[in-house]
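User: I would like to go through this structure and ask where some of its labels come from. Please set each value against its definition.

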Amino acid sequence: MDNIDWTLWLQAGNFVVLIVLLERLLYRPLQAVVDQRQARQEQALERSRQLEEHTERQQQAYDARLAQVRNEAQQARTAVLAEAQRQQSQLLQQSHAQAAQVLEQVRHEVAGQLQQQSEQLPRLAARLGEAAAARLLGRPL
């Protein structure tokens, strides 16, 4: 039994030495590599989160700027349409005024011609009457 006890203690000592050596030579370096890898993964995840937040902020800024530009374009379009309508109204008023002026001028000319024709009509009727009577009578009057 002494041999078993002695070898048991020797094996236990060897086991402890082996554990200590394995911890120092294998477990610690392996744990350091695992810790470094985990730290790199956490850094990559944090960088990814930061980039995602940055991208989201830029997207929001872009959307806000796009909305602002669209609003400005709509205001500009509204202003251009209002100006075009104003110019159209002004041109229509000018056209109506010119048409009224031309119409009044034509009326005046027609009235003048009508008066002139009215003045000439009795003389023309008299000449036609004389010509008809001369024909009927067969002699000049």
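User: Why is E83 called partly exposed?

Analyst: Buried means under 20% relative accessible area, exposed means over 50%, and partly exposed is in between (1.4 Å probe, protein chains only). E83 has 31% relative accessibility, so it counts as partly exposed. This is a predicted model, in which local features need pLDDT of at least 70, side-chain atom pairs count only at pLDDT 80 or more, and totals for chains, interfaces and linings use all residues. Residues are numbered from 1 along each chain as its sequence is written, and side-chain values use heavy atoms, leaving out hydrogens and water.

User: What makes E83 and R86 a salt bridge?

Analyst: A salt bridge is a side-chain nitrogen of Lys or Arg within 4 Å of a carboxyl oxygen of Asp or Glu. The closest N and O atoms of E83 and R86 are 2.5 Å apart, and the pair forms a salt bridge. R86 is partly exposed, with a relative accessible area of 43%.

User: Why are E83 and R86 separated by about one helical turn?

Analyst: Because they are three residues apart in helix α1. A helix here is a DSSP run (H or I, at least four residues), numbered from the N terminus.

User: Why is Q11 called exposed?

Analyst: Q11 has 54% relative accessibility, so it counts as exposed. Q11 also lies in helix α1, residues 2-137.

User: How do you know that the protein is more spread out than a compact globule?

Analyst: The secondary structure comes to one helix and zero strands. The radius of gyration is 58 Å, well over the 14 Å that the globule rule gives for 141 residues, so the protein is more spread out than a compact globule. The radius is taken over C-alpha atoms, and the rule is 2.2 Å times the number of residues to the power 0.38.

Methods. Helices (H or I, at least four residues) and strands (E, at least two) are DSSP runs, numbered from the N terminus.
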